[in-house]
Amino acid sequence: MEIGDLNPWFFPLPSDSCRVDPCSNHDFMNFIYRVVVSSPVMPDVIIDYDMRKLVFSIVQQEDVLGVSCNSGSFSQTHDLSANELPDAQNDENKHAQITEVQRWKDFSDAYCCERKEVISHDGVEVPLTILYSREAWKKGQSPGLLQGYGAYGEVLDKNWCSYRLSLLDRGWVVAFADVRGGGGPDSSWHECGSGLNKLNSIHDFIFCGKYLVNEGYVHEDKIGAIGSSAGGLLVGAAINMYPDMFRAAILKVPFLDICNTLLDPNLPLTILDYEEFGNPQEQSQLEYILSYSPYDNIPQGSCHPSVLVTASFHDSRVGVWEAAKWVAKIRDSTCSICSGEVILKTNMNGGHFGEGGRHGQCEETAYEYAFLMKAMGIFE
């Protein structure tokens, strides 16, 4: 049986790249299916899809102050013409549903979201999502921030985030590299960036950074990088390979001393991480891990970019000592004259995901953005 034989109804979605997450639909007999739809240029919107009537309704959407929005609309007429309503409904109800128009707010008129395919070192196309302000962005002159993760098959979060507006309105480009090792079209995308293939994800990230510069999205001397947890390993390894590529970087609770950590089976995630990164107790895998480990490959005497490293004292996933060891070695090994500042900021109360709370997150983001602007020489 083919999908077309089931006469499917496809959810109406915004035209921009978006993400759909199911809500708590615990009543399996209910015809209403609730989801959250979000994109880099559209605030989260909660939508109810009626699987019986083949219509949808907007329940609630996040408000954003201070930015003029575009009221995107989607008429139900097109979908109903392709998927007729059940015969049990009379023509009057059918007409009322066909003429119904749903509207959501998006900011596609003010901010541009582009999806590109970047050719990596081995010819594989890597998805790169690029976000910038239509008014403030200047080709070949704007600063940029490249974000990556590339582990555990996790899809990089590209949902709406109002904090980004602070950078975008200043002309920054924010880009998301969906490198191998993270989530992709199928499980092979994860497998091609894990274990003995981990270097693929690092090269993917580097080629995405080069693409931003070569295509004029970002100034060659104003590109930064950010990675959290396993994403810190990605960024740290990329900096070791190309220390002149990035002007600044933010490593949040980063996994940097991968070899020593995986050699300690008493740590909570060590055994589980053997499948993701390999087991250093096996000689071939040890040599491979040592070839990219951020802590073990710091180039001696090189000029290092400015780096903000954050750690949490009560982090049960990544030990606080990893960030401390890496920062100490960077300060001791790299050129003290031309290298940028390396800052270690330790949260003495929080865990791997911080302390939480809206105000705490605002303060943390403001500190990170202030660091980036200072490192880039932007003081406006």
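Local features need pLDDT of at least 70 and side-chain atom pairs 80 or more, while totals for chains, interfaces and linings use all residues. Residues are numbered from 1 along each chain as its sequence is written, and side-chain values use heavy atoms, with hydrogens and water left out.

**View 1. Strands β13 and β14 with helix α10.** β13 (residues 306–312) pairs with β14 (residues 342–347) in the parallel sense, over six bridges. Pairing requires at least two DSSP bridges. Helices (H or I, at least four residues) and strands (E, at least two) are DSSP runs, numbered from the N terminus. Valine 309 faces leucine 344 of β14. From β13 the chain runs through α10 (residues 320–333) to β14, a right-handed β-α-β crossover. Right-handed means a clockwise path from first strand over helix to second, with the strands pointing away from the viewer.

**View 2. The second largest pocket.** Its volume is about 280 Å³, the space filled by probe spheres set on the grid points. A pocket is an open set on a 1 Å grid, for a 1.4 Å probe, with protein on both sides within 12 Å along at least five of seven lines; lining residues have an atom within 4 Å of a point. There are 19 lining residues, with Ser17, Arg115, Val155, Lys158 and Asp178 nearest the centre. β8 (125–133) and β2 (32–39) each supply at least two. β8 gives the largest share, three residues.

**View 3. Residues 73–100.** pLDDT, the predictor's confidence from 0 to 100, stays under 50 here. Helix α1 (residues 77–82) has the lowest mean, 37. Where pLDDT is low, predicted coordinates should not be read in detail.

Notes:
Contact means heavy atoms within 4.5 Å.
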